[in-house]
Amino acid sequence: MSIEIIDVGKRFGDFVALDNVSVSIPTGQLTALLGPSGGGKSTLLRIIAGLETADTGRIEIEGVDATRLPPQKRNVGFVFQHYAAFKHLTVRRNIAFGLEIRRRPKAEIRERVDELLALVHLTPFADRLPAQLSGGQRQRMALARALAVAPTVLLLDEPFGALDAKVRKELRDWLRRLHDEVHVTTVFVTHDQEEALEVADEIVVINEGRVEQIGSPDDLYDRPANEFVMRFLGPVTQLGGQLVRPHDIRIHTDSPQPGDVLGRVTRITRVGFEIRVEVATGTGEVTTVTLTRDALPTLGLEVGREVALRPVAGAGLTSPADRPALRAAG
C-alpha cells in the first residue's frame, strides 16, 4: 500500500475533526475523499501532507512512518484550491521552482519543465505570468508544479472548487487522463459527488470525522453501506417505506400486479434529457420517478393519471446484514 492511515484522531478544542480513522490507499490509485463541508476530509489530507499533526495514530507513506516527518521530507506534491502561484514568476519559473530550490542542474530543470508544459498543454503560455492565464490554466500550472519534483504522492484539496461548472468538467476529464499517464498515487478532496464518481478509482466517504464507507464508485452508488452514503451519492426517493433511486422505479398504467404501489401523478417536470414524475401514493408518500425523454410519450402519463410503481429487483437500501463492510487499513 502507498499510504496507510492508522487510527488517526484529531481535535480542534472540543471539536472532533477525525475520530480514529483508518484507511489504506493503494499505490498508483486515484482516491477521492468525499463528504460534506466540515466532515474531516481536508483535515485528513493535511495530516497526510504534514501540514497538520495528528493527535493520535500514525501515517505511513511507502512503508515509511511519516507521522512526525516535516512536509518537505514526505515527498508529496500538494495542490490547493486557489493555486498559490508566485505572481511575479512566469509559468515556466513557477513550475521550475521546486527543482531550483533543490539545486538541480539547469539542463535537467529545463528538460523537466518542457516535459511538464507539454503534459499539461501550457507550452504556448510558458512565458506568461499567472495573471495572464485563465482559472483552468492556472490550476494546470499548479498541478505541473506539484509534479515537477516527482512526488511519491500527489494531494489535491478541492482542486477545481473555484472554477465554473464547464471548466470543472473539462479539468476533471483532463485529470483522469493525466493520472492514467503519470500513475502517481493521487488523493483528492471534493464535496462534489459527480466529480468523485466520474474521476476516482476508489472513494472514501467521510462524515463527522468518521469513515462511512470505502469502495469503488459502483460499489458505493449501487450498494451503499447506510442511509447517509445513499443520500450523499446521488438522488433518492421513498417508495413503500424504502429508500430507492428514482431511476430504479418502474412506472406503468397497466393493471397493477402484486407488490405494486398505487398512486396518482401530481407533477411532471423536464430537466434537460430527464423527465421527473412525482407520484402521490396511497400511503401518503410523494415518490419521484425519473424517465428518459423518449419514455414519456409511450407511457401516456399526465397529471392526475393513476399509475402503479415497482422498484427494480435489488434496488433500494439493503438490510444491514447484506450491506458491504467498511474496508479499513490492514
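These are my notebook entries on a predicted model.

**Ground rules**

I am working from a prediction, where local features need pLDDT of at least 70, side-chain atom pairs count only at pLDDT 80 or more, and totals for chains, interfaces and linings use all residues. Residues are numbered from 1 along each chain as its sequence is written, and side-chain values use heavy atoms, with hydrogens and water left out.

**Entry: helix α1**

I began with α1, residues 41-49; helices here are DSSP runs of H or I with at least four residues, strands are runs of E with at least two, and both are numbered from the N terminus. How many of its residues are buried? I found 7 of the 9, so the helix is largely enclosed by the rest of the structure. (Buried means under 20% relative accessible area, exposed over 50%, and partly exposed in between, with a 1.4 Å probe and protein chains only.) The buried ones are Lys 41, Thr 43, Leu 44, Leu 45, Ile 47, Ile 48 and Ala 49. Just after α1, I noted that Gly 50 has a positive phi of about 90°.

**Entry: Ala 85 and its surroundings**

Next I looked up Ala 85, in the loop between β6 (76-79) and α2 (91-101). Ala 85 is partly exposed, at 22% relative accessibility. Which residues does it touch, leaving aside neighbours within four places in sequence? I listed Asn 94, Pro 130, Met 141 and Arg 145, where contact means heavy atoms within 4.5 Å.

**Entry: aromatic rings**

I then turned to ring pairs: rings of Phe, Tyr and Trp (its six-membered ring) pair if their centres lie within 6.5 Å, with planes under 30 degrees apart called stacked, over 60 edge-to-face and the rest tilted. That rule gives 2 aromatic pairs. Phe 86 and Phe 97 make a tilted one, at 4.5 Å centre to centre and 40° between the planes. This pair links distant parts of the chain, since Phe 86 is in the loop between β6 and α2 while Phe 97 is in helix α2, 11 residues apart. Phe 86 is partly exposed at 28%, and Phe 97 is partly exposed at 29%.

Phe 228 and Phe 232 are stacked, because their ring centres are 5.5 Å apart and their planes at 15°. Both lie in helix α8 (residues 227-232), 4 residues apart, about one turn of the helix. Phe 228 is partly exposed at 25%, whereas Phe 232 is buried at 15%.

I also found Arg 245 over the face of Tyr 221, 4.1 Å from the ring centre. (The rule asks for NZ of Lys or CZ of Arg within 6 Å of the ring centre and within 35 degrees of the ring normal.)

**Entry: strand β17**

Which strands pair with β17? I found β13 (residues 249-252) antiparallel to β17 (residues 306-311) over 4 bridges, and β14 (residues 261-271) antiparallel to β17, also over 4 bridges. (Two strands pair if DSSP finds at least two bridges between them.) Leu 309 in β17 is the bridge partner of Ile 251, and Val 261 stands opposite Leu 309.

**Entry: nonpolar cores**

Last, I checked the cores, each a set of buried Ala, Val, Leu, Ile, Met, Phe, Trp, Tyr and Cys residues joined through side-chain atoms within 4.5 Å. The largest has 45 residues, and Ile 95, Leu 154, Ile 203 and Leu 233 have the most contacts inside it. Helix α4 (residues 135-147) gives this core its largest share, 6 residues. A second, separate core of 27 residues includes Ile 5, Ile 25, Ala 66 and Val 187.
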